[in-house]
Amino acid sequence: MASFDLQKLARPNILALEPYRCARDDYKVGVLLDANENTHGPSLTEIDEYEKRQELNRYPDPHQIELKKRMCEFRNQENRDKSLTPLDPSNLFVGVGSDEAIDAIIRILCVPGKDKLLTCPPTYGMYGVSAQINDVEVVKVNLDFELGSFGIRPEAINETLANDPSIKLAYLCSPGNPTGSLLKKELIEQVLNHPTWNGVVVVDEAYIDFAREGSSFAPLATKYPNLIVMQTLSKSFGLAGARLGITFSSKEMASLLNNMKAPYNISTPSSELALRALSPEGIALMKKYVKDIVVQRERLVEELPKIPGVGAIVGGNESNFLLVQVLDKPDGKPDSDVAKELYKTLAEKKNVVIRYRGSEPGCVGCLRISVGTKGETDVLLTEIKDALKLIQYK
């Protein structure tokens, strides 16, 4: 971290960018005739009072300050280190899911065709997709999956970063996807404290609310200027359809992210749903649902290995899904062909859809199974057992 300098790291054109000033930057009330909106209202033949209050004919709030305040209050409550400066709205960027932030960070830091980013497979596929779209090479340092731990290898990461200054950022997923494993804070901090690398560590915490309390790196965004933490309302808050992600960072990095975003990137309905979810009542309901999911997760951890043909659960104790091995015979070894056949059989004959992950590093014979309701868990356990009986083992 001693060598970190955002002014030298970020692309000069982004540093010099003057953000677009939109109609709602200055005035938000009165007879608003400045944004070329349709002042008659939305052309909806049926509209209820809640929709009327949203003023859907008007452009949404470009800054989302109230939403940012609520998210800061929520995450600051988890901060156990009182020496850390609390998060405030100037530390936040709000995007269309985490995917907008993934792409924006690459565009801020990486020159197309020249710079690189680092990932630790197996991991979330959009890091690589966004890198390819932006013509940025991906350098891979696999997780420690030989022992099934799925932890990062900071020594290998740091050596790679030291040897290649064209790597400008490292994407780390915690809890991982598809591994479901929480990365150890002290190992991430080893990368953050790299003595010579001038780059940014991005910690993707989409599943953080399913992990043990106090696991989030978000409060550390005010300590480490080279840290970005991404979260989303899609998972624990159950708002995948609203497409709303929140990024925590230093104020300087947050300013760059906000400068380059589209002026009205968050719709009014998405913002209103997020505000309701981040109310005290919404947070209480989210925590209740998380507890219910954890109960079913523990049930699956106990029951799945009892099914002949199901192997070890190699990941998922810190998320809302499990990474499960499928064997080539009831007492055999992990087999990706059989796992793929089980995946297809469940989807096509049992109407149960899970995710095949057997082609990823360290995931031989693996399926990723989201944790559902009690009723869905009942169906899953029954249908996996029946589907495995239909498969002709090698």
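Trainee: How much space lies in the largest cavity?

Mentor: About 70 Å³. This is a predicted model, where local features need pLDDT of at least 70, side-chain atom pairs count only at pLDDT 80 or more, and totals for chains, interfaces and linings use all residues. Side-chain values use heavy atoms, without hydrogens and water, and residues are numbered from 1 along each chain as its sequence is written.

Trainee: What counts as a cavity?

Mentor: On a 1 Å grid over the protein atoms alone, it's a set of points where a 1.4 Å probe fits but cannot get out. Points are joined across faces, edges and corners, and the volume is the space filled by probe spheres set on them.

Trainee: Which residues lie nearest the centre of the largest one?

Mentor: C120, P122, T123, L143 and C173, out of 14 lining residues, meaning those with an atom within 4 Å of a point.

Trainee: P122, okay. What kind of peptide bond joins P121 and P122?

Mentor: A cis one, with omega about -5 degrees. The bond from S174 to P175 is cis as well, omega near -10 degrees.

Trainee: Switching to helices: how do α7 and α8 pack?

Mentor: Helix α7 (residues 154–163) and helix α8 (residues 185–192) pack at about 15 degrees, axes 9 Å apart. They're therefore roughly parallel, the word for angles under 35 degrees.

Trainee: Which residues meet there?

Mentor: P154, E155, I157, N158 and L161 in α7 meet L187, Q190 and V191 in α8, with contact meaning heavy atoms within 4.5 Å.

Technical notes: Axes are lines fitted to C-alpha atoms, for helices over the stretch in contact, and angles run from 0 to 180 degrees between N-to-C directions. Helices (H or I, at least four residues) and strands (E, at least two) are DSSP runs, numbered from the N terminus. Angles under 35 degrees count as roughly parallel, over 145 as roughly antiparallel, 65 to 115 as roughly perpendicular and the rest as oblique. On a 1 Å grid over the protein atoms alone, a cavity is a set of points where a 1.4 Å probe fits but cannot get out, and a pocket is an open set with protein on both sides within 12 Å along at least five of seven lines; lining residues have an atom within 4 Å of a point.
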